[in-house]
Amino acid sequence: EPPAEKFEYQAEVSRLMDLIVHSLYSNKEVFLRELISNASDALDKLRYLSVTEPGLLKDAVDLDIRIQADKDNGIITITDSGIGMTRQELVDCLGTIAQSGTAKFLKSLKDSKEAGADNNLIGQFGVGFYSAFLVSDKVIVSSKSPKSDKQYVWEGEANASSYSIREETDTEKLLPRGTRLTLYLKRDDKGFAHPERVQKLVKNYSQFVSFPIYTWEEKGFTKEIEVDEDPSEAKKDGEDGKAEDPSEAKKDGEDGKAEKKKKTKTVVEKYWDWELTNETKPIWLRTPKEVTTGEYNEFYKKTFNEYLDPLASSHFTTEGEVEFRSILFVPAVAPSGKDDIINPKTKNIKLYVKRVFISDDFDGELASGGPFPRYLSFVKGVVDSNDLPLNVSREILQESRIVRIMRKRLVRKAFDMILGISMSENREDYEKFWENFGKHLKIGCIEDRENHKRIAPLLRFFSSQSEEEMISLDEYVENMKPEQKDIYFIASDNLTSARNTPFLEKLVEKEFEVLFLVEPIDEVAIQNLKSYKEKNFVDISKEDLDLGLFPSTSSGRKDRNYLQIPPLIGDRAVCITLCDKNEEKEKEIKQEFAQTCDWIKKRLGEKVASVQISSRLSTSPCVLVSGKFGWSANMERLMRAQSM
Ligand code: ADP
Ligand code: MG
C-alpha cells in the first residue's frame, strides 16, 4: 500500500479556516449548504462535459447527491457522482485558495466588519469547502476523476497546518466516479448527524439544487402477520385496541368453533432507504404566477451568492420563433471595482440548454457570446433555451440567429424591468438603482443607439428647478413653458457651479428649467441622444443660444450694456451683453461697440475666436461661450482629462 503523503496548506488557507471558525461559530449549519453546492457544481461540470463526451457517464448514469447521517457515531457522508478530483486537483482545490467563493468571503468579511454587520450576514456568503471544519474534527475526501484510473483520499483535521493524500485501497470504498466526503463531527456538533436535522437543512438551504438530493432515513411499513390467539394476549390486544383488525375479529366470532383461533396482527417493519429530499424542478420552469417574491429572492441569493434581495425580478417565457425561459434580476448593489462597466467580467448570466448548465462565462459582452451589451451586464439571471444545441460553443453563440433573437428579447425584458422600478411607488427604489447603475445607462446612450428610446426615459438629472431630487426627461418636458422649444442643459463640475453660471440668468428669468449635467459622462450621453420627444437638447453655454424673440416679462429693468474680458483658450467668443432683444436697439449698440469689440479681440488675440454683442445675459456683465461647433468647456475638460 503506497504511504500517505503529507502536504502543508498554503498560508492563506490556515488563516481562512481560522476566520471561518471564528466568524461563523453561531451559524455552523452553513457547512451543509456549502458542501452540497460543491457537489452540485461537480455534477454540473460532469453533465456539461458529457454532452460532448458521453463516455464519461458510462459507469454511473445517475447524477445525484446522497447524504447519510449516522447519529450513533456522529458521522455524515456526502456522496456525489460528479466530476471528481484527480490527485493534483485535490492538492490544488483543497490546499490552496484561488477560488471565487472563498475570495469573496474574505472580502465580505472585511466589509461587513467595517459596516458592523452580524455573523448571519456573513453566513449568507459562499465560504466553501473549509466550512466543513466548522463542525468536524476530521474530514476525509475520497474522489475519483474520470481523468484518472485511481481514486485518492484527502484527509485533514481541524486546527492542523497540514493534510495528507493517499490512494484509496479499500475496495468497498471505490466509487465509479465522483466524490465522497466523510465528516467526523466534533463532540458538540454530533447533533447534525440526525437524519431529520439533515433533511431540514437540505430543505432549507438547497431547494434550488437541480440534482436530486437523497437522504438516508429509517422507514417503516405496516404488515399483517397471523398469530395464534392466546386468551390472555387477546385481552391485552383488546385493551390497547390497536393491533386488532375488527373485520377479522368478527369473522373469528362467526366460526367460533375452531379450537385454536387464528388472528392477524399489524406490525411495523423498519428498514433504511434513500428518500428524495429536495424539489428538483428548476424555479424557472414553474409558472410565474405560482412563484412568490420570497422564492425568487431566495433563488437569486443562493444562485448568485448575494446577501441582499434584488431590486426587481422578471420571470418570463417566450414562445414561437425562439423558445426560452428566463428569470432576470436587478441587483441591489453595484459590483465593486471600477473597471466593471468598461471591462465587465461577470458571471451574471447562467445559460442552460434544455436544463443543462452550459456556461456563465461571457465576460458580460455580446462580443464573447454574452446575452447583454456590456452596459447592461449588471443584470443577473438564468436563461434556459430549448432551441440551442447542447454542445453549443462560444462561436455558435456569437453567430447564431437564435441567440440574436434571444438577446433582443432579453434586452427588452431588462428594460421593462428597470422601467418597472422607475414606476414603483417607492421612489427610493429607483434612486438606489440610479445611484448604482445610472452610469451604465449613460454608457448605453453612447453605445446603443438602437435602444435610445428605452434608455432615455430612465435617465435622471438635477435641474435648476430641482436641485435636491433628480428629475426624469418626462418630468422636464411636462414642466416646459408653452413657448419653450428645446431642452436646456448646462454641463458643469458640480451643482454649485452649475447654479452660479451666468448662462442661467436669462433662462431662470424666463422660468425655463435647465438640466444640470454634473457627471463628466452626462454631456456625451446627452449629445448622443440629440433629442427627446422631438425636443432637441441645447447647451446653454453655446454661442448661438436662441431663446426666442419674446418680450421680457419683468418690467422696470434698465438697459444695461456690459462687456467683459475673460482670457481663455479655444474658439470662444466674448459676448458683450444687451438686455433686451430689440433689433433696432441691437443694431445701434452693435455699431456703438464695434470698436470696443475690435479692441478686445486684439488684446485677446488667439485666445478667443470672436468678441460679440449678445442679449443672453441679464445681470452678469459678460460671458465666455463655446463656439457653435466647438466643445463645451466641460467637454474640453473631459477630453483633456482623458488625454492625460
Ligand atoms: P468554490 O466552490 O467557490 O470554488 P470551495 O472551497 O467550495 O470553493 O471548493 C474549492 C474547489 O474544490 C472547487 O472549486 C472544486 O474545484 C473543488 N471541489 C470541492 N468539492 C468538490 C466536489 N464534491 N467534487 C469535485 N470538486 C470539488
Ligand atoms: Mg463551493
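User: Where does Arg-355 lie?

Analyst: In this predicted model, Arg-355 belongs to the loop that runs between strand E12 (349–353) and strand E13 (356–359). Its phi is positive, about 75 degrees, although Arg-355 is not a glycine.

User: Why is Arg-355 called partly exposed?

Analyst: Arg-355 has 15 other C-beta atoms within 10 Å. A residue is exposed at 12 or fewer and buried at 20 or more. The value for Arg-355 falls in between, and therefore the label is partly exposed.

User: What makes Glu-511 exposed?

Analyst: For Glu-511 the count is 12 other C-beta atoms within 10 Å. The exposed class takes 12 or fewer, so Glu-511 is assigned to it. Glu-511 is placed in the loop between helix H16 (504–509) and strand E18 (514–517). Glu-511 is not a glycine, yet its phi is positive at about 60 degrees.

User: Which residues make the contact between H12 and H17?

Analyst: H12 contributes Lys-439, Lys-442, Cys-445 and Ile-446. From H17 come Ile-521, Asp-522, Val-524, Ala-525, Asn-528 and Leu-529. By class, the residues of this contact are six nonpolar, one polar and three charged.

User: How do you know that the buried residues of H17 are on the same side of the helix?

Analyst: The buried residues of H17 are Asp-522, Glu-523, Ala-525, Ile-526 and Leu-529. Around the axis they cover an arc of only 165 degrees, and therefore they are on the same side of H17. Just after H17, Lys-530 adopts a positive phi of about 70 degrees.

User: What is the secondary structure of the protein chain, and what percentage of its residues is buried?

Analyst: The protein chain has 19 helices and 23 strands. Of its 644 residues, 36% are buried.

User: Among contacts between residues at least 6 apart in sequence, what percentage joins residues at least 24 apart?

Analyst: In the protein chain, 73% of those contacts join residues at least 24 apart.

Note on methods
Residues numbered from 1 in each chain as written. Chains lettered and ligands numbered in written order. Predicted model: local features only at pLDDT ≥ 70, side-chain atom pairs only at ≥ 80, totals over all residues. Contact = placed C-beta atoms within 7 Å. Helix = DSSP H or I, 4+ residues; strand = E, 2+ residues; numbered from the N terminus. Nonpolar A, V, L, I, M, F, W, Y, C, P; charged D, E, K, R; others polar. Arc of directions from axis to C-beta.
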